Amino acid sequence: MIDFLTNYFYLSLIAGLAAFFLSSSIYLYPVIINVSKLKGLMDDPDHRKMHATKTPNLGGLGIFLAFSLSIIVFGILTDLVPTDLSKLLAIMGSSIILVFLGIKDDLTGMAPKKKLIGQLIAVLNVVVLTDIRILHFGGIFGLNELPYFASVLFSIFVFMLVINAFNLVDGIDGLAGSLSILGSITFGVLFSLKGNFLMTLVATIFVGSVLGFLKYNLSRDKKIFMGDCGSLLTGFLLAYQGIYFLNLNTEIGTTNNYMNSPVILLAILSYPLFDLLRVFSIRIREGRSPFSADSNHIHHRLLRLGMSHKMATFTLVMANSLVIAFAFLTMHLNIHIHLVVSVLFGAAIYLLPFLKVFKIKTKVQSASLNHEVASVYGNNTMDVFKMKDSAKADQNKGFKSALFENDTSLATKTNGNGKEFLKDRTKNFNVIKGKLKYKKDKALDKDGVL
């Protein structure tokens, strides 16, 4: 065998480069984009989405193909022992389930309950069959080793939480992909230092696969979205790496153990988890389903402040990097103190855009921003804004018309009784206002396109 193939560290780097070249080649995403356009497999713009033109949304399929082919080839070259081979097969099996689940949701839509059931099957595949689960709490809240049943349930919960966090955070160009690269690079370095080159291989190949996708996701003329098939796969692989890291760090006799590893894991996945918990809290407080769509994510706030998609993505990745660095610099603290200060630091960083010193774009600034967006995404963007304004105008006209008609009928019925007329008019006003507001909110998202 060639010498470099005997060094698993160099083999992992080569595998990552191979995955990148495969993912960015002209035979992968350009083919997916062309087929999507020919068959009409596109994501249509509407009042809630960020784009103004039909865009292919099967980018996750390209990530999966590059990742799986690279894993198969380089997995063979590493002469895997049966236990490691079974782990890779479990990863592949769960990835296939999630990718096809996401493709169905991207193309035809899927009820949240069915989607969760599919995710649960994929998670059980690795948790139960290959025993990849959280074994130890690391002393948080006085808990250490977990009983088997509690370990399985908690591991399933963590997998589902991270998968859906990445699914929800995929709202602007490059964000989910960049966060997954940041997380996998961090995990890859930690796995390498621990001497676990199987997981180093998985991390580097995943980084290469997503880098190739970002080349097209951030493109202007050959744009493709990750879609649910990509975000579900991304969340699953990040959760898998995180749980594997926790288990490696609790093994007796291993070197380069990291103190407070659960807090380190929370820091690596902090932005998707924080954003998910924040928007879920807002939706539940407003009496809506936590899975209902809205524009309350932190990246929406950055867009309203006037940032472009790329700038917002860069800002959030840098914020997540700061939280990770802070967690490593303070990991000598008691685990409970470490957890509290890391959570507070992360919350302060992620909530900075909501300070009053940052002003939302005014109407004049928004108009300028609309023209800027149109120059990037085409004139169809302006049509979207015009349609939205027209819809609002129609709603207002309908409200005034309905109010006038009811005022006329009331005036006839009351025969000049001023107090009774005013009372009935106010009551009717509130009824009509409530009905029209419901219809308006249903048809138009408060935050609109941007």
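Helices (DSSP runs of H or I, at least four residues) and strands (E, at least two) are numbered from the N terminus. This is a predicted model, in which local features need pLDDT of at least 70, side-chain atom pairs count only at pLDDT 80 or more, and totals for chains, interfaces and linings use all residues. Residues are numbered from 1 along each chain as its sequence is written, and side-chain values use heavy atoms, leaving out hydrogens and water.

**View 1. Let's visit the second largest pocket, with about 800 Å³ of space.** Among its 29 lining residues, Pro262, Leu266, Leu273, Leu339 and Val343 are the closest to the centre. Helix α14 gives the largest share of the lining, 6 residues. At least two lining residues each come from α6 (148-169), α10 (261-268), α11 (270-285) and α14 (335-350). By class, you will find 24 nonpolar, 4 polar and 1 charged residues in this lining. Here Ala, Val, Leu, Ile, Met, Phe, Trp, Tyr, Cys and Pro count as nonpolar, Asp, Glu, Lys and Arg as charged, and the others, Gly among them, as polar.

**View 2. Now see helix α3 (residues 59-77) cross helix α9 (residues 227-249).** Their axes come within 7 Å and cross at roughly 45 degrees. Gly60, Leu61, Ile63, Phe64 and Phe67 of α3 meet Cys229, Gly230, Leu233 and Leu237 of α9. This contact (heavy atoms within 4.5 Å) has 7 nonpolar, 2 polar and no charged residues.

View 3. Asparagine 57 is buried (under 20% relative accessible area, with a 1.4 Å probe and protein chains only), at 4%. Beyond its neighbours within four places in sequence, asparagine 57 touches residues including Leu41, Asp106, Phe225 and Cys229.

Key. On a 1 Å grid over the protein atoms alone, a cavity is a set of points where a 1.4 Å probe fits but cannot get out, and a pocket is an open set with protein on both sides within 12 Å along at least five of seven lines; lining residues have an atom within 4 Å of a point. Grid points are joined across faces, edges and corners, and a volume is the space filled by probe spheres set on the points. Axes are lines fitted to C-alpha atoms, for helices over the stretch in contact, and angles run from 0 to 180 degrees between N-to-C directions. Buried means under 20% relative accessible area, exposed over 50%, partly exposed in between (1.4 Å probe, protein chains only).
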